[in-house]
Amino acid sequence: MTESSANKPANGEVCHRTTNGVKPCRNGFAKNHYHYQQQQHQKSCYLEEKVYHIASNGGLYSRPFLESFEQTPMLVAVLTYMGYGILTIFGYLRDFLRDWKIEKCHIAREREQQKDFVPLYQDFENFYTRNLYMRIRDSWNRPICSVPGAKFDLVERVSPDYNWTFEYPGRVVRDVVNMGSYNYLGFAENIGMCAEAAAAVTQRYGVGVASTRQEMGNLDRHRDLEELAARFLGVESAMAFGMGFATNSMNIPALISKGSLILSDELNHASLVLGARLSGATIRVFKHNNMQSLEKLLRDAIIHGQPRTHRPWKKILIVVEGIYSMEGSIVRLPEVIALKKKYKAYLYLDEAHSIGALGPHGRGVVDYFGLDPRDVDIMMGTFTKSFGAAGGYIGGRKDLMDYLRTHSHSAVYATSMSPPVVEQIITSMKCIMGEDGTTIGRERVRALAENTAYFRRRLQELGFITYGNSDSPVVPMMLYMPAKIGAFSREMLKRNIGVVVVGFPATPIIESRARFCISAAHTKDMLDKALEKISEVGDLLQLKYSRQRTRPPPLYRPFDETTYEDSED
């Protein structure tokens with residue numbers, strides 16, 4: 001889904017100090033904040049970087065909440081637009097040469113005998129793919145030939161025609177440091193208790209069930225998984241599904257329909273967007289993590305009701321994520337819950353990236369903020385990341401789960417989860433909960449938090465611009481210019497570091513980035529090696545855009561106002 005920088009300070013926006021403390025920027029967030037002392041505060045405003053500290057006494061937050069989004073330097077933004085402009089001009093030139101058979105055309109085209117048919121697709125729709133993406137296609141879809149743990153082995157490939165096709169010479173790049181996989185707690189491994197348990201279950205149950213849960217595919221281990229997941233989440237009941245994407249896209253239409261309203265964060269995942277569209281409900285989008293934008297939509301929905309008829313909405317569903325996988329930001333859940341209660345709406349929370357990766361017990365963003373799971377109506381997450389497996393879950397009240405078991409397309413028509421996958425999830429979840437008799441799970445949760453803090457701090461000290469929350473293991477590092485997307489990926493691979501790079505249209509056109517995913521399996525030596533190579537490539541490609549190398553220690557100052565104290569039932 002296309003990212004947006006709508007919640008970043010506009011050019012020239014400054015924060016002002018009042019006699020009673022520091023007045024917060026007009027960012028749409030709750031007004032109960034702590035801020036830096038005046039000198040530090042003015043410096044951060046000069047750098048146009050948003051740094052928020054939420055009050056702990058009398059406020060909605062029980063801990064500091066720190067997020068940073070340093071604004072794109074003007075010169076970099078101008079050069080980035082120029083880069084895309086030049087690529088576009090050359091793209092049109094090459095299309096002209098292809099039309100006149102001067103340059104060989106590798107793209108798929110309609111056959112001559114089908115020219116009179118309605119075209120299956122328009123050539124112009126693929127302009128970006130064939131003229132921009134194809135130049136750096138080698139930065140994606142790289143085949144690996146080992147477990148995607150802290151290190152992995154990569155199959156080398158070469159292209160004789162500028163990335164239109166690839167050849168495999170048979171060489172393997174060994175021990176590449178993995179900075180891109182969602183292996184947050186290090187359970188994606190082929191040795192250890194999870195692998196042994198999955199192998200034992202495979203011997204007993206086999207690999208596949210070959211049926212749906214409602215027919216012949218409902219194993220006792222499926223029930224064990226759902227009961228364990230419910231206890232882990234702190235909810236009455238839970239359901240497991242074989243595919244994380246389908247958990248969202250197939251269950252949202254079962255929960256909400258025409259005559260209802262969905263309020264969706266603008267940076268929500270494509271699975272949430274698809275589920276909302278399939279539901280037939282009206283969809284309205286609020287600015288990313290912006291509580292003023294969300295509250296305005298809620299207020300308007302209550303006041304005006306449905307279009308034309310002005311009847312009340314059947315349901316109002318707020319849809320948010322725990323950690324946003326491109327921005328590295330964490331949902332402002334205490335404020336979302338306060339608004340949900342104030343306006344009598346429902347809340348759908350997608351914890352695909354946050355479950356296992358946040359909170360002192362690894363139980364996600366609800367655990368991270370110390371909130372009551374019962375305040376979230378639908379808790380969704382996936383097993384593909386922190387648990388090193390596949391599939392997803394939904395948790396909530398028992399009557400809600402009983403309804404989904406008979407009405408969800410994903411539950412009724414999809415094949416049951418593979419038994420070894422189920423066992424991988426059960427074993428890793430028990431490890432996180434400490435029910436395996438060890439402290440391995442707790443140690444991994446703590447190691448992930450420590451690695452995240454260390455890696456983020458060192459990147460900032462080196463002069464890179466990073467986005468997101470200080471506790472998020474998803475660490476976007478800004479590249480900006482299109483030529484640097486492929487260059488950074490290739491140079492890092494030359495140094496045996498595997499990274500993920502992301503560009504337009506997955507991000508705003510001037511906000512291309514590298515996205516690092518930190519893991520508990522990373523040792524300090526691995527992180528130091530990666531940081532050394534990132535700094536080396538950063539100097540080579542001139543990526544150290546930040547104007548603030550180190551962040552000064554905060555001095556907390558209260559600002560005694562809150563949006564939600566006077567909420568009425």
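Begin by selecting Asp138 and Arg490, which form a salt bridge whose closest N and O atoms are 2.8 Å apart; the term covers a side-chain nitrogen of Lys or Arg within 4 Å of a carboxyl oxygen of Asp or Glu. Asp138 belongs to the loop between α3 (127–131) and β6 (151–155), while Arg490 sits in helix α15 (residues 482–494), so the pair ties together parts that are 352 residues apart in sequence. Helices (H or I, at least four residues) and strands (E, at least two) are DSSP runs, numbered from the N terminus.

Before moving on, note that this is a predicted model, in which local features need pLDDT of at least 70 and side-chain atom pairs count only at pLDDT 80 or more, whereas totals for chains, interfaces and linings use all residues. Residues are numbered from 1 along each chain as its sequence is written, and side-chain values use heavy atoms, with hydrogens and water left out.

Now colour the two partners by accessibility, where buried means under 20% relative accessible area, exposed over 50%, and partly exposed in between (1.4 Å probe, protein chains only). Asp138 counts as buried at 15%, whereas Arg490 is partly exposed at 30%.

Next, select Glu226 and Arg405, a salt bridge with its closest N and O atoms 3.2 Å apart. Glu226 lies in helix α5 (residues 220–233) and Arg405 in helix α11 (residues 398–407), so this pair ties together parts that are 179 residues apart in sequence. Glu226 is buried, with a relative accessibility of 8%, and Arg405 is partly exposed, with a relative accessible area of 25%.

The structure holds 32 salt bridges.

Finally, turn to the cysteines: how many disulfides does the structure hold? There are zero, a disulfide being a pair of cysteine sulfur atoms within 2.5 Å. Select Cys431 and Cys194 to see why: the sulfur of Cys431 has its closest cysteine sulfur in Cys194, 6.5 Å away, which is too far for a bond.
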